[in-house]
Structures are given as C-alpha cells and as structure tokens.
Amino acid sequence: MKIEFYDELIESMPSDKLLNGNMQKEKYIRERIKDGRIYKFVKFTEDENLNLKKLDMLANQQFWASCYDEFIDKREVIRPYNKIRVQYYTGRTQNELDNFFSTLNEMNDISCFTYEPSDFMWEEYANNGNGFCMEFEVVDFDKFFPVIYLRKSKVKYTKDIINLLNSKQPNFRLINKVGIIPWVLKDKKYKKENELRFLCGDIYDQADGPMGGRIAAGKKKLLGYKGIEYSFAYAGLILRKVNIGSKCVKESELQEICKKLKMPSEKVV
C-alpha cells in the first residue's frame, strides 16, 4: 500500500541517512502549518498532583514525551507482517523477532501536536475545555514528523523486515521504513486530530542518563520509565501564546505563570 509523502521521501534519500534533519520533511510540514503555529493541548483532571506537574512544566517551558508502554491504544505502533515467511527467510525465532520489534519501539519517546486548534481538539484533548493549549513557532523541524492517515492494517512490512534483518550493512532506508514509519501512521478515523508528532530517542545518548546509554527490549517498562520532560528550546519550539479553556479550573494559576513568562494568554469562550 502506498504511503503518502513517506514512500517518495525514503526512496529519494541517501541510503546512509535517517529522516531526521531532512529538508523535504520540513517543507512538507511548513506547507501544512496554516498560520505559522503548531499547537499542543494539555488537560486537567481530578489528579491534583498531575495537574500541578503540568503547571510546573509550563512554568519551566517544558512538555511531556511518553514512552510506548504508556500509550492507551496498544495498537498505536503496529507492523503487520507474515510471521511464517519472516521466520523462514531470516532464520529468526518468534521470540527473537518480538525482542527486535520491542527494541525498535524502545528507541523513541513521543509527544503529540496539531496543526489546528479545533473544537474537536478542545473536547478530546483538553477535557472539554478544562485545560489549555500552547501555541508554538517551530524553528527546528528535526524531531517533528507529519502523521499520515490511512488504513494501517493494509500497510505490510514483511518484505522490508526480511531485507532489513538479512542486510549485511546498515540499510537506513529500511530502518526508516520499519523503525520510524509505524510511529507516524494512524487510521483515517483519527484524521480530525491533524497531528504532528515529536519523536526523540535522545534519552539513550548519555551513559549517565536514565537509560544508562544502552537500549534493550522492554527496558523502559522494567525500569518503570514512563517518559520525560523536554524543554521547548531543545525541541526547536518557541512558545508564543497560551490559550486557556472555557472550563479551565486552573485559570488563575495559568494567568500567573504567563505573567511571569511575559507570555500572552487568552481565555477561549
């Protein structure tokens, strides 16, 4: 099944490059940013400790990126493939394949943004107005990936998985297709989200970091790692405005934070 944008992008890229830092990707995203901004919604709930953490992150100009195991929808990242064929042509057991895919899913933490602050997004992702929406200018598109909406179950990875596992040299085109593409596909029923995804695997970069500099299947879950805060600046974002939901229970706290940040804020009616 043809994948809009990504099929052509991957085939046109040098074989030794990943999708990060790609000018074609940046151009594609820029063309979809209607007013020069992207948006991130944050909701408040009955969990007061979590609410306070969300306020603290805004005050510190940070956002949250979750690990795969924290996804509510466990089919968020899927790679439909013929298990019998892959085992036959690669000589790998199912347990080896499961560990391989688990390791791939370990690599990135994810945070979700949108091109448009629609009523639907306020309802679904800001608890029907009990939350806020941050407006960002993007100055570095390296870690941002456009989401493509299609029928995910129709995208087959069998041939790519076989070729990747049998490759004697790193094949970055196949690494992109098998490792990154499943993160940026969603079923058409979610198209209203107009989503742009932040993907980052830097948590593994430092030997003295939370992951000890070594990746392994299921490691984040084993260590109880749920995600991490990233600064706006690190992600290539500049916060330009905070919109406060019509039913927001933390309006005064948000106004105070915005005042300290010298950041424009506006209540959504």
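Leu254 touches Phe44, Leu55, Leu58, Phe132, Ile244 and Cys248, leaving aside residues up to four places away in sequence, where contact means heavy atoms within 4.5 Å. The model is predicted, so that local features need pLDDT of at least 70 and side-chain atom pairs count only at pLDDT 80 or more, while totals for chains, interfaces and linings use all residues. Residues are numbered from 1 along each chain as its sequence is written, and side-chain values use heavy atoms, with hydrogens and water left out.

- Leu254 lies in helix H11 (residues 251-261), helices (H or I, at least four residues) and strands (E, at least two) being DSSP runs numbered from the N terminus.
- Leu254 counts as buried at 0% relative accessibility, where buried means under 20% relative accessible area, exposed over 50% and partly exposed in between (1.4 Å probe, protein chains only).
- The C-alpha atoms of Leu254 and Ala59 are separated by 8.8 Å, although these residues are 195 residues apart along the chain.
- Asn130, in the loop between H6 and E4, is buried with a relative accessible area of 12%, and a polar atom of its side chain lies 3.1 Å from the backbone nitrogen of Val249.
- Beyond residues up to four places away in sequence, Asn130 touches Lys43, Phe44, Lys247, Cys248 and Val249.

**Salt bridges**
- The structure holds 20 salt bridges, each a side-chain nitrogen of Lys or Arg within 4 Å of a carboxyl oxygen of Asp or Glu.
- Arg30 and Glu26 meet through their side chains in a salt bridge (3.0 Å, N to O); because they are four residues apart in helix H2 (residues 23-30), about one helical turn separates them.
- Arg30 is partly exposed, at 45% relative accessible area.
- A salt bridge also joins the side chains of Glu31 and Lys27 (2.6 Å, N to O), with Glu31 exposed at 51% and Lys27 exposed at 52%.
- Asp109 forms a salt bridge with Lys220, their closest N and O atoms being 2.8 Å apart; since Asp109 lies in strand E3 and Lys220 in helix H9 (residues 219-223), the pair ties together parts that are 111 residues apart in sequence.
- Both Asp109 and Lys220 are buried.

**End of a helix**
- Helix H4 (residues 83-90) is followed by Gly91, whose phi is positive, near 75°.

Terms used: A polar contact is a pair of N or O atoms within 3.5 Å; within protein, one must be able to donate a hydrogen and the other to accept it, and residues adjacent in sequence count only if both atoms are side-chain atoms.
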